[in-house]
Amino acid sequence: MKSVVVYSSITGFTRKYAEWIADDLNCDILSVKDATIEKLLKYDTVIYGGSLHAAGITGIKIIKNNWRKLTGKNLVIFATGASPYKEKILDEIREKNFTPEEQKQVKVFYLRGGFDFSRLNFINKVLMSLFKWSILLKPEKKRTPDEIGMLACYANPVDYTNKEKCREIVDYVKCIADDQL
Ligand SMILES: Cc1cc2nc3c(=O)[nH]c(=O)nc-3n(C[C@H](O)[C@H](O)[C@H](O)COP(=O)(O)O)c2cc1C
């Protein structure tokens, strides 16, 4: 069974996970910038990773726009974000990014990435500055622990990536490969 990891990464956290997963699966890896549907159709399993932007997965349109063509492929999605893992996050990601029908056909994972304001491009710096101000304008007592944690990251980049966290995805892909032998 042939697999490929496709990733979209602005500041490098998702790329790091994509490289670890591709290494462990000994499979091909492609930046979304170089990915075309023709290339993806050569694989049985497409693992797509992108960072969360307001809960949307960056670059996911390569999968969404080619949904019908990808029918029959194993679709494994991982999203990275700055927030810690929480129980509801997978449901939130599924609901924000996929229709109920699509949700039945994808397996979704969340990996905590990191945050590096200094490496963001101009537009994302503006968006994240607005987000920072929306937190700062709240009375301190009303800020959630996630928001307080997020504020601290603007001055000091944080990297929560951890190779061990890829194991669940790698094991899942190996398992579907064994089942389809
Ligand atoms: C505009 C913007 C919106 C973001 N929204 C979220 C979010 O909704 N949830 C989250 O956990 N992280 C959010 N983040 C943080 C990124 O998802 C996180 O830094 C990610 O690990 C970056 O991965 P990358 O370096 O591969 O792009 C956001 C970052 C930006 C720039």
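I call a residue buried if 20 or more other C-beta atoms lie within 10 Å of its own, exposed if 12 or fewer, and partly exposed in between, with C-beta atoms placed from the backbone.

I note that this is a predicted model: local features need pLDDT of at least 70, side-chain atom pairs count only at pLDDT 80 or more, and totals for chains, interfaces and linings use all residues. I number residues from 1 along each chain as its sequence is written.

**Entry: a loop**

I looked up Ala55 and found it partly exposed, with 14 other C-beta atoms within 10 Å. Its phi is positive, near 75°, and the residue is not a glycine. Ala55 lies in the loop between β3 and β4. I take strands (E, at least two residues) and helices (H or I, at least four) as DSSP runs, numbered from the N terminus.

Ala54 is in the loop between β3 (45–53) and β4 (56–57). Ala54 has a positive phi of about 50°, though it is not a glycine. Is Ala54 buried or exposed? I found it exposed, because 7 other C-beta atoms lie within 10 Å.

I counted a residue as near if its C-beta atom, placed from the backbone, lies within 6 Å of the molecule. Of the 23 residues around the ligand, Ser9, Thr14, Ser51, Gly81 and Gly113 come nearest. Two or more shell residues come from each of α1 (13–25), β3, β5 (74–81), β7 (114–115) and α6 (122–136).

Why does the ligand lie between domain 1 and domain 2? Domain 1 (3–116 + 159–179) and domain 2 (120–156) both give residues to its shell, so the ligand lies between them. The domain bounds come from an automatic or database domain assignment.
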